[in-house]
Amino acid sequence: MKLYYTDWSPYARKVRIAAIERGIHSSIELVPATIGFAEGTLKTVESKLTTLNPSGRVPTLITDEENVIFDSTVIIHFLDGIGNANPIIPSDYEKRIKALRLNALVDEVIDAMRHLSFEGRRSEEFRLPDYIDALNAKVNRGLSILEDESREFESPSGDIDIGVISVGCLMQSIKIRHANSIFNSERKNLDAWADELFLRESMEKTKPPLS
């Protein structure tokens, strides 16, 4: 299998962590992807990836049968069918809904942060202040929910699922790549839980770069 990825994408990182946690990462070839925007524009850079995945986004997985799978949650569903380790998307109905809900919440926060980045690429006179305010509010609402709910999170030292992985990727991305952002405020319960999660081998091996 081949996985198109970037080392700073939280979506691609979720897949890489899932593969490590399930012990199948050695069967996946990591292929660095050229993604992003043409200089000075919001136009997607043309690359081999855009011929495989119409969105031109990571993660994109090429299976041994040359099938193309995209979207991190779909890819993790696929990987859960390989090997005998516990699935990353829980089999138990209640646990599965809880994990997928948490994953969806984090994806919304990450998506809002992506759009804030897009706005930052515009010349200042073309930026939309109301839209930026709405995106900032969306991110902060999501982080506030995670702080409140983290009191009920299980210890991240045992088996982890897609929800836990997603929260970890979000929080470490904020701490490392957005250290000076308004979102990097203290969240006592969430920070303590995340710091424990960051000690896992899968988190350490996939830790995003500083910039």
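Which residues does I89 touch, not counting residues up to four places away in sequence? Keep that in mind while you load the chain. This is a predicted model.

**Stop 1: I89**

Select I89. You land in the loop between α3 (72–79) and α4 (93–121). Now show its surroundings. I89 touches T73, I76, H77, D80, R96, L100 and I162, with residues up to four places away in sequence left out. Is I89 buried or exposed? Its relative accessibility is 5%, so I89 counts as buried. For a sense of scale, pick the C-alpha atoms of I89 and L3. They are separated by 19 Å. Along the chain, the two residues are 86 residues apart.

**Stop 2: T73**

Stay in this area and select T73, one of the residues that I89 touches. T73 belongs to helix α3. Its contacts, leaving aside neighbours within four places in sequence, are I89, L100, N103 and I162. T73 has a relative accessible area of 14%. The cut-off for buried is under 20%, so T73 is buried.

**Stop 3: the sheet**

Switch to cartoon view. Find the open sheet of four strands. Read across in the order β2-β1-β3-β4; the pairing is mixed. Which strands stand at the edges? They are β2 (29–32) and β4 (68–70). Each has a single partner strand, so one side of each is left without a neighbour in the sheet. On average, neighbouring strands are turned by 25 degrees against each other, direction ignored.

Next, colour β3 (residues 60–62) and β4. These two pair in the antiparallel sense, over three bridges. Strands of a sheet pair through backbone hydrogen bonds, either parallel or antiparallel.

Now bring helix α3 back. It packs on the sheet and touches β1 (2–5), β3 and β4. The direction of α3 makes about 125 degrees with that of β4.

**Stop 4**

Go to the V58 to P59 peptide bond. This bond is cis, with omega near 0 degrees. P59 lies in the loop between α2 (48–52) and β3.

Move on to E66, in the loop between β3 and β4. What is phi of E66? Phi is near 70 degrees, a positive value in a residue other than glycine. E66 has 61% relative accessibility, so it counts as exposed.

Then take D71, in the loop between β4 and α3. Here too phi is positive in a residue other than glycine, near 85 degrees. D71 counts as partly exposed, at 41% relative accessibility.

**Stop 5: R57 and Y11**

Show the side chains of R57 and Y11. The charged end of R57 sits over the ring of Y11. From that end to the ring centre is 5.5 Å. How many aromatic pairs does a search of the whole structure find? It finds one.

**Stop 6: R200**

Select R200, in the loop between α7 (188–197) and α8 (201–205). Is this arginine buried or exposed? R200 is buried, with a relative accessible area of 15%.

Follow the side chain of R200 to two polar partners. With the side chain of E21, it makes a polar contact of 2.8 Å. A polar atom of the R200 side chain also lies 2.6 Å from the backbone oxygen of P156. You get E21, P156, S157, G158 and I160.

**Stop 7: P209**

End in the segment after α8, where P209 lies. P209 counts as partly exposed, at 24% relative accessibility. Which residues does P209 touch, not counting residues up to four places away in sequence? They are D7, W8, I176 and R177. Last, draw a C-alpha to C-alpha line from P209 to I35: 16 Å apart in space, and 174 residues apart in sequence.

Key
Residues are numbered from 1 along each chain as its sequence is written. This is a predicted model: local features need pLDDT of at least 70, side-chain atom pairs count only at pLDDT 80 or more; totals for chains, interfaces and linings use all residues. Side-chain values use heavy atoms; hydrogens and water are left out. Buried means under 20% relative accessible area, exposed over 50%, partly exposed in between (1.4 Å probe, protein chains only). Contact means heavy atoms within 4.5 Å. A polar contact is a pair of N or O atoms within 3.5 Å; within protein, one must be able to donate a hydrogen and the other to accept it, and residues adjacent in sequence count only if both atoms are side-chain atoms. Rings of Phe, Tyr and Trp (its six-membered ring) pair if their centres lie within 6.5 Å; planes under 30 degrees apart count as stacked, over 60 as edge-to-face and the rest as tilted. A charge sits over a ring if NZ of Lys or CZ of Arg is within 6 Å of the ring centre and within 35 degrees of the ring normal. Two strands pair if DSSP finds at least two bridges between them. Axes are lines fitted to C-alpha atoms, for helices over the stretch in contact, and angles run from 0 to 180 degrees between N-to-C directions.
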